[in-house]
Amino acid sequence: MTSEPNATRKVTIEFDDQTTRWFMVASITWGVVAMLVGVIIAFQLNFWEMNGKIFEIITFGYFKSEGVEFLTFGRLRPLHTNAAIFAFVGNMMFAGIYYSTQRLCSARMFSDLLSKIHFWGWQLIIVSAAVTLPAGLTRGKEYAELIWPINIAVAVIWLVFGANFFLTLKVRREKSLYVALWFYIATIITITMLYVVNHLQIPTSLTHSYPIFAGVQDALVQWWYGHNAVAFFLTTPILGIMYYFLPKAAERPVYSYRLSIVHFWSLVFIYIWAGPHHLLNTALPQWLQILGMYFSLMLWAPSWGGMLNGLLTLRGAWDKLRTDPVIKFFVVAITFYGMSTFEGPLLSIRSVSALAHYTDWIVGHVHSGTLGWNGFMAAGLFYWLAPKLWGKKLWSINLANFHFWIGTIGILLYVASLWFAGIIQGLMLNETDPTGTRLINEFVQTVDKIELLMLTRAIGGTLYLTGFLLLVVNIWKTAKSGAPVNETREVFEDPGLAKDRMTWKAAFRNEPIAYTFWGLFFGILWFFLPQGASHMALLVTIGFAVMAVIQFRKNTEKWSNWHENLTENYLPFSVLVLVAALVGGAIQILPTITVNRAINVEDRLQSVYTPLELAGRDIYISEGCYNCHSQMIRTLVPDVLRYGDYSRLGESIYDHPFQWGSKRTGPDLAREGGMRGDSWHYLHMLDPRSINQQSRMPNYPWLFKKGTDFKALPGKVAVQQRLGVPFPIMTPEEIEQHAREQALGIAEGLVGEKVKIITGKGEKEPTNATEARDHLAGKEIIALIAYLQKLGSFEEVEREAKPVEPRIIKPGIPDRFRIQPDLSTPEVTEDEEPAEKVAPVAAN
């Protein structure tokens, strides 16, 4: 007797748990590296000697060292962030996705080969990052520092992962997509879009490139990516893991399926709009700042909806909190998710941002999410997975509980100390005298004030690392006592399973989509139209919202059935996710393409860098100076009093990449040019303590020994010209000649001031002034000084700028390269006294 061809049959499948094991071990390994580097840079902020002199410290002075360039804060901080995000959380995310997707689809991953390519390719990317970032090979954009060949590798491996995932959805044996899979879909689609757009660039060499965006547009694209990297790499996949593994650990169903629907779609749609809140009170157009703030405030609802859905899943199972470390970690992780997503919208309010931005409060906010939410979700996941993957009970419940408590104490010390430090620093920096015209505190005073809090932060990080090392021991002992196990499961295979049959018309031509589209359309018009017309658009938007509610209440079953059908069809579902994410990005970014042009700037246009200044800028970025110094004077009175007139949109219009920064460990440098002499910068980079004994800034002796790459300048200038920077037409020989002449001018001035000449190994000591000048002119420090002296230089747009003779540039340099005065500063006559202003202090 033969069976019918479409009859349901039982099949036995073996899940690919080997890939999950690999990713889990990789996550734990890289987690230790990321946290160790984090602890080192935390102590560097208290003890400058740890910036490269750590070998001398740990050998009690046996190995003498002026400094190791690979171990400075500016080089290690990008390594820490990339290792924490892409190596630790990334591998943890892949482990959770590979394990849960197979079980939610009742199918092995589509291709074992693609899984292996994904794993080994991702580890190779991480190793490449670990080598290039300390070497100073960086794009100079936060969370997007990796150089272009690695960017291409990331894109390829991510597509391999995406293909394996979506092909697994296609061959699934389950009709509907479970909630966790929704979040995985959103992660894959949105990260692809974000990563590609933010990493559009033109290479100048194998290890260097310039992004195609500049100035305000680059800032917007960067934080559209940076904020949503947090959203769609550190949040949505972890929420998917929460929706799968928390009910498994608690042995309870998810509290509310309907709440999960609202949580998912509102989060995907709203999150993408919130990036501009990182740029409040800056030169970013005000409409974008308001847009980012409004949508950030809206995030409170879906974020807390997800938190409550997670916590209420434990109803009836709270007794497990006393004994099960997995539940402990999950509960505290979800609580930190709620705290972080409450604090984020709070910090997006302009008045709160005025106090908190550029301070350690922001660092504390970020780490409450990474350590509390991501770190504790990872710990709970690993403790739950280990017995399943190695077929043995967890080696020590007590050790896991001890890890929980020491980790919790570490987080609280870390985050609370930075909250206090940020608020104290913000208040001190903004404090003025009763007249409101003079600042009370210098920058270095705020650094001294929070010294103890910064040390507490480092101690808290050390405790957290210690707890994670206990996890390493516990997992290793569990694995050693057992053996790798791949789960086998009998499932029913129905060839006639009614999945993926929804037509595109049914998916997109319906009431929910129509009301959403028109409501959003008129809502956008409300924001952009002039006052009278905007009121009409607002009324229409409200009308569509009311009509949608009425229709939903009238046809609840019809709307619910549409969404249920949608979750049974992965392609229409994925396309709708893409559209929801695209809308916000397009509306924010496309208008700035026209705004960020020389003909549209307000009143000032950035002066074009000379070739030598461009080389100095690349050195500045390579050393990671943007990690500690901003180049954006906000439209706030204390900022203007401390650093000078507020920054205009046009003053960074040729900056590829922008350097507005996100943290001021040292003072802002937007108007640093001309404030101090060349010899001041020379001595400051050689030994900051010679300028200010309180400085925490590291020494940079290698800048005095390494030569400037003059040969690379023609290629760099050519790319800048392709990107629209109005460099004059010059031959490669002229470009190099101009750079060398400007360098000789600076070097000659320094030799005249009798600065100390530093020679490298094997270099001959100069015997006269000419030799000293020629020796010095070829060093990186000269190019860096040229760049620092150019900062704040601009041309007036509305009136002709007053030409002045350049201070250091010799004849032959095009006029547009000459340093222009700050025309916003009124001239002072002999009968007037200059207004008192606190100058930025150099030490940091």
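Below are my entries, spot by spot.

**Ground rules**

I'm looking at a predicted model, where local features need pLDDT of at least 70, side-chain atom pairs count only at pLDDT 80 or more, and totals for chains, interfaces and linings use all residues. I number residues from 1 along each chain as its sequence is written, and side-chain values use heavy atoms, with hydrogens and water left out.

**Entry: Phe 264**

I looked up Phe 264 and landed in helix α9, residues 257-271. Helices here are DSSP runs of H or I with at least four residues, strands are runs of E with at least two, and the numbering starts at the N terminus. Is Phe 264 buried or exposed? I found it buried, at a relative accessible area of 0%. For the record, buried means under 20% relative accessible area, exposed means over 50%, and partly exposed is in between (1.4 Å probe, protein chains only).

Next I checked what touches Phe 264, leaving aside neighbours within four places in sequence: Trp 182, Phe 183, Ala 186, Phe 573 and Val 577. Contact means heavy atoms within 4.5 Å.

**Entry: helix α22**

I read off Val 575 in helix α22, and at 30% relative accessibility Val 575 counts as partly exposed. Helix α22 spans residues 570-595 and gives the nonpolar patch its largest share, 3 residues.

**Entry: Ile 406**

Ile 406 sits in helix α15, residues 397-430. I noted Ile 406 as buried, with 13% relative accessible area. Which residues does Ile 406 contact, apart from neighbours within four places in sequence? I got Leu 463, Thr 466, Gly 467 and Leu 470. Leu 470 is 64 residues from Ile 406 along the chain, with their C-alpha atoms separated by 9.9 Å.

**Entry: Ser 793**

I found Ser 793 in the loop between α29 (780-790) and β6 (794-796). Ser 793 counts as buried at 8% relative accessibility. Its side chain makes a polar contact of 3.1 Å with the side chain of Ser 607. A polar contact is a pair of N or O atoms within 3.5 Å; within protein, one must be able to donate a hydrogen and the other to accept it, and residues adjacent in sequence count only if both atoms are side-chain atoms.

**Entry: helix α26**

For helix α26 (residues 713-722), I listed the buried residues: Leu 713, Pro 714, Lys 716, Val 717, Val 719 and Gln 720. They pack against β2 (201-203), β3 (209-211), α23 (611-622) and α27 (732-752). Just after α26, Gly 724 takes a positive phi of about 100 degrees.

Most residues other than glycine have a negative phi, and most peptide bonds are trans.

- Ser 106 is not a glycine, yet has a positive phi of about 50 degrees. I placed Ser 106 in the loop between α3 (73-105) and α4 (112-132), and it counts as buried at 6% relative accessibility.
- Tyr 358, also not a glycine, has a positive phi of about 75 degrees. Tyr 358 lies in the loop between α13 (350-356) and α14 (360-390), buried at 3% relative accessible area.
- His 656 and Pro 657 are joined by a cis peptide bond, with omega about 0 degrees. Pro 657 is in the loop between α24 (637-643) and α25 (678-686).
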